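Colleague: I am new to reading models like this one. Could you take me through it feature by feature?

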Amino acid sequence: MRQIVLDTETTGLNPRTGDRILEIGAVELNNRMLTGNNFHHYINPERDSEEGALAVHGLTTEFLSDKPKFAEIADEFRAYIAGAELIIHNAPFDIGFLNAEFKRLNLPPVHEQVVGVIDTLVQAKEMHPGKRNSLDALCDRYGVSNAHRKLHGALLDSELLADVYLAMTRGQNSLSMEEEVEVAADGAALEIVPLAEVIFQSATADELAAHEATIAGLDKAAKGQCIWTAVTAPPAAA
């Protein structure tokens, strides 16, 4: 399964009023393993960032002035996400901006280019109702170090979100008891050893007698039936 963990930084909060994407960062997961095949571009948004957005990402108009425009990286980005499942924190925000950029270029929307989108914010709210579920809060909850995160950055946030997503969903990728390949410290696959046969050991006559004596003692102490007797041997009809 190929998944792309993705984040964007923008000039503001609303693509409908002309705000643009100025950074895209993404990391690839293949069968829940980071591949190192990352995607990252700073983008000239052709406009200034709003003051609040600039305080979040720190990417100035001067810094972005010589960076490629979205149209120049669109084909590369589309090829990168094609046929993958996207993993995004607060997906409607990033998808809304990506769709606005694609629309300017008469390109199809995101959902026509990928197989699906997972919103980790929705997942986190379902798993931790009533709790803070920002990326920073999830890093704290799942022990993912974000000490180096001073400002928001699309690639860094994608890397953090990938670690958070894997921690959030660990053990949920399979409900079966199929054999898995274990790996030694040097990366070599270890020999698969079949599970031992389950052995059923019946109680002996002496053990059964001791059990009955214990239950009888509990009944006597309860002056009637203990819970075990009431459940396993309902009282006879009067």
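Modeller: Start with burial. Buried means under 20% relative accessible area, exposed means over 50%, and partly exposed lies in between (1.4 Å probe, protein chains only). S158 has 0% relative accessibility, so S158 counts as buried.

Colleague: What should I know about the model itself?

Modeller: This is a predicted model, where local features need pLDDT of at least 70, side-chain atom pairs count only at pLDDT 80 or more, and totals for chains, interfaces and linings use all residues. Residues are numbered from 1 along each chain as its sequence is written, and side-chain values use heavy atoms, with hydrogens and water left out.

Colleague: Where is S158 found?

Modeller: Helices (H or I, at least four residues) and strands (E, at least two) are DSSP runs, numbered from the N terminus. S158 sits in helix α7, residues 154-168. The protein has nine helices and six strands.

Colleague: Which residues does S158 touch?

Modeller: Contact means heavy atoms within 4.5 Å. Leave out residues up to four places away in sequence, and S158 touches V5, L6, D7, G25, A26 and V27. For the protein, take the contacts with a separation of 6 or more: residues 24 or more positions apart account for 64% of them.

Colleague: Now a loop, please. Where does L105 lie?

Modeller: L105 is in the loop between α4 (91-104) and β6 (116-119). Its relative accessibility is 32%, so L105 counts as partly exposed. Setting aside neighbours within four places in sequence, L105 is in contact with F70, A71 and A74. Take F70: L105 and F70 are 35 residues apart in sequence, and their C-alpha atoms are 9.3 Å apart in space.

Colleague: Next, charges. How many salt bridges are there?

Modeller: First the general idea. Side chains of opposite charge can pair when their charged atoms come close. A salt bridge is a side-chain nitrogen of Lys or Arg within 4 Å of a carboxyl oxygen of Asp or Glu. By this rule the count is seven.

Colleague: Which parts does the pair R2 and E28 tie together?

Modeller: The side chains of R2 and E28 form a salt bridge at 2.5 Å, N to O. R2 is in strand β1 (residues 2-10) and E28 is in strand β2 (residues 21-30), so the pair ties together parts 26 residues apart in sequence. R2 has a relative accessible area of 27%, so R2 is partly exposed. E28 has 8%, so E28 is buried.

Colleague: And R20 with E46: how far apart are the closest N and O atoms?

Modeller: They are 3.7 Å apart in the salt bridge of R20 with E46. This pair links distant parts of the chain, 26 residues apart: R20 is in the loop between β1 and β2, and E46 is in the loop between β4 (39-42) and α1 (51-57). R20 is buried, at 12% relative accessibility. E46 is partly exposed, with a relative accessible area of 46%.

Colleague: Which residues are linked in a network of salt bridges?

Modeller: R20, E46, K69, E101 and R104. Now look at D66 and K67, whose side chains meet in a salt bridge at 2.9 Å, N to O. D66 is exposed, with a relative accessible area of 62%. K67 is partly exposed, at 22%.

Colleague: What about the protein overall?

Modeller: Of its 238 residues, 37% count as buried.
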